[in-house]
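Here are my notes on the model you sent. They are set out as numbered points, to be read with the structure open.

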Amino acid sequence: MSTKQKLTLLLIIAAIYNLLVYGLYYFESNFENTNIHNLADAYWYSLVTLTTVGYGDFYPITFWGRLIGILFVLGSLGMLGYIVTELSLKISEYLKKREMGYFGTDMNNHCIIIGWNTFSKQVAEQIINAGEDLAIVVNQESDLKTIKQIYSDKNCFVLLADLNDYKALEKINITNSRRVYISFENDTDSLVYTISLKKRFEKVNCVVAIENIELKSSFNYLGVQFIIPKKEIVSKFIASYIFEPNVALLTEDLISTSNDKSNLDICETKLTANHNYINTRFLDTYIDLKEKSGITLVALSRDEQLIKNPENNLILKENDVLVYIANGENKLYLN
């Protein structure tokens with residue numbers, strides 16, 4: 001029903017209601033021993049009856065007045081049914097919108113995955129296992145239900161939306177996210193989507209996994225910092241398993257999220273203001289971490305440039321990102 005039709009129906013109901021109230025006043029006010037003397041009394045009786053309160057302080061005594069009273073009683077049943085139905089529909093609609101993520105999330109410094117497939121599912125598992133907050137945007141309700149069955153709402157938010165509805169991405173607080181992983185089956189779709197996304201959210205940090213290595217320069221031109229060639233990484237892993245199997249096993253362990261002491265993880269932590277290791281030498285920090293927590297410091301990132309095996313006398317600064325190897329128990333030592 002359109003808004004115009006609803007308005008017309010409302011006006012008709014209001015006209016009928018006022019006509020009945022006036023009729024009640026007309027038939028009752030001129031009758032001896034009546035207790036409805038004016039329009040105010042008639043309106044009060046009608047409202048009390050329609051809302052099923054029924055104080056009993058006013059009531060009709062004439063035939064036509066009682067007939068109108070019966071209409072008000074029947075109307076109260078219809079009104080009660082309407083209110084209950086509308087309330088149920090509103091609650092159901094609210095729960096549906098909440099399930100689909102329409103009310104958004106207040107996550108900050110979180111990870112985002114746009115698009116859902118087998119590969120993005122594996123990425124999501126690693127992020128969730130690391131205890132990081134994750135928001136996922138899908139365009140199929142079946143994917144939404146699947147994700148909600150797998151992951152807890154505590155640190156995984158799911159939004160059902162048209163992937164090309166960039167306004168909807170504000171619901172996942174995309175401007176305050178840490179990284180956005182764009183997951184499409186086709187590299188061309190990923191490129192086109194990245195162009196549109198960066199146009200609307202220029203400062204968003206994107207991660208893209210591609211099949212065609214020749215498109216890497218195109219993504220770099222768009223300001224995408226991390227482009228992962230799937231086939232290249234797979235081929236390196238396979239080759240490593242062939243001639244350096246122990247190195248490959250260690251690498252696999254490092255890039256997976258560790259949950260206990262037996263597993264290793266390669267982690268990173270940013271030195272925020274007043275951190276204990278600011279203004280200390282890299283070697284001193286390395287020794288201190290190794291002795292106190294068993295953490296092995298391997299690199300640092302400064303001004304978005306990765307410094308591998310830094311010099312011993314390099315002085316750590318605020319906002320440096322330390323890269324280190326830790327197990328599931330001590331990896332939070334630096335946080």
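1. Which residues does UniProt list for "transmembrane region"? The unreviewed entry gives residues 7-27 and 63-89. Please keep in mind that this is a predicted model.

2. Both listed spans can be checked against the coordinates. Residues 7-27 are 100% helix and 0% strand, with 30 Å between the end C-alpha atoms. For residues 63-89 the figures are 100% helix and 0% strand, and the end C-alpha atoms lie 39 Å apart.

3. The surface has a nonpolar patch of about 1,100 Å², whose members include Tyr 22, Phe 27, Trp 64 and Leu 77. Helices α1 (3-29) and α3 (63-99) each supply at least two of the patch residues. The helix that gives the most is α3, with seven residues.

4. Leu 74 is one of the patch residues and lies in helix α3. Its relative accessible area is 52%, so Leu 74 counts as exposed, the cut-off being over 50%.

5. The domain assignment divides the chain into domain 1 (3-100), domain 2 (111-233) and domain 3 (260-334). Taken over C-alpha atoms, the centres of domain 2 and domain 3 are 28 Å apart.

6. The "domain: RCK N-terminal" annotation, also from an unreviewed UniProt entry, covers residues 112-228. Over residues 112-228 the model has 36% helix and 21% strand.

Notes
Residues are numbered from 1 along each chain as its sequence is written. This is a predicted model: local features need pLDDT of at least 70, side-chain atom pairs count only at pLDDT 80 or more; totals for chains, interfaces and linings use all residues. Side-chain values use heavy atoms; hydrogens and water are left out. UniProt positions are given in the numbering used here, feature names are shortened, and annotations may be inferred rather than shown by experiment. Helices (H or I, at least four residues) and strands (E, at least two) are DSSP runs, numbered from the N terminus. Patches are made of residues with over 30% relative accessible area and no salt bridge: like charges are joined within 9 Å, nonpolar side chains (Val, Leu, Ile, Met, Phe, Trp, Tyr) within 5 Å. Accessible areas come from the Shrake-Rupley method with a 1.4 Å probe; for residues, only the protein chains shown count as cover. A salt bridge is a side-chain nitrogen of Lys or Arg within 4 Å of a carboxyl oxygen of Asp or Glu. Buried means under 20% relative accessible area, exposed over 50%, partly exposed in between (1.4 Å probe, protein chains only). Domain bounds come from an automatic or database domain assignment.
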